[in-house]
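Welcome, and please have your viewer ready. We will start with the whole chain and then select a few residues one by one.

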Amino acid sequence: MITIIERALLFIIMLRVISGSIEITAAALMFKFNDLEKAFYINSLLALVGPFILIVTTGIALHGLTDKISLTRIICLFAGICLIFYSLKSN
């Protein structure tokens with residue numbers, strides 16, 4: 001039996017696969033270079049990818065669920081994401 005996947009879910013899955021591929025590629029590059037300084041640089045670049053993927057996938061999911069989720073819950077979800085980013089930047 002063939003099931004139809006929602007478009008929003010398909011985009012989220014594709015983004016997560018791409019994100020995982022980037023992570024694996026970064027680990028392979030760190031292994032190849034075998035240099036702590038280069039590994040640190042690659043890891044710093046990965047720190048940009050993670051939050052971007054989080055924001056985009058959450059946005060896609062919320063867009064797909066706009067008719068099923070109240071505005072209050074959407075605001076709470078975005079507030080939670082903002083708190084996550086705030087906690088990462090605070091000392």
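Colour the protein chain by secondary structure and follow it from the N terminus: its elements run α-α-α. That makes 3 helices and 0 strands, where helices (H or I, at least four residues) and strands (E, at least two) are DSSP runs numbered from the N terminus. A word on what you are viewing: this is a predicted model, in which local features need pLDDT of at least 70 and side-chain atom pairs count only at pLDDT 80 or more, while totals for chains, interfaces and linings use all residues. Residues are numbered from 1 along each chain as its sequence is written, and side-chain values use heavy atoms, with hydrogens and water left out.

**The whole chain**

Show the C-alpha trace next. Along the principal axes, the C-alpha atoms of the protein chain fill a box of roughly 50 × 45 × 15 Å. The radius of gyration of the protein chain is 17 Å, whereas a compact globule of 91 residues would have one near 12 Å; the radius is taken over C-alpha atoms, and the globule rule is 2.2 Å times the number of residues to the power 0.38.

Of the 91 residues, 15% count as buried; buried means under 20% relative accessible area, exposed over 50%, and partly exposed in between (1.4 Å probe, protein chains only).

**Stop one: Glu23**

Select Glu23, which lies in helix 1 (residues 7-33). Is Glu23 buried or partly exposed? Glu23 counts as partly exposed because its relative accessibility is 39%.

**Stop two: Tyr86**

Move on to Tyr86 in helix 3 (residues 71-89). With a relative accessible area of 59%, Tyr86 is exposed. Draw a C-alpha to C-alpha distance from Tyr86 to His63: they are 24 Å apart in space and 23 residues apart in sequence.

**Stop three: the cysteines**

How many disulfides does the count come to? The count comes to 0 disulfides, a disulfide being a pair of cysteine sulfur atoms within 2.5 Å. Select Cys76, which is in no disulfide; its nearest cysteine sulfur belongs to Cys82, 12 Å away. Seen from Cys82, the closest cysteine sulfur is that of Cys76, and 12 Å is too far for a bond.
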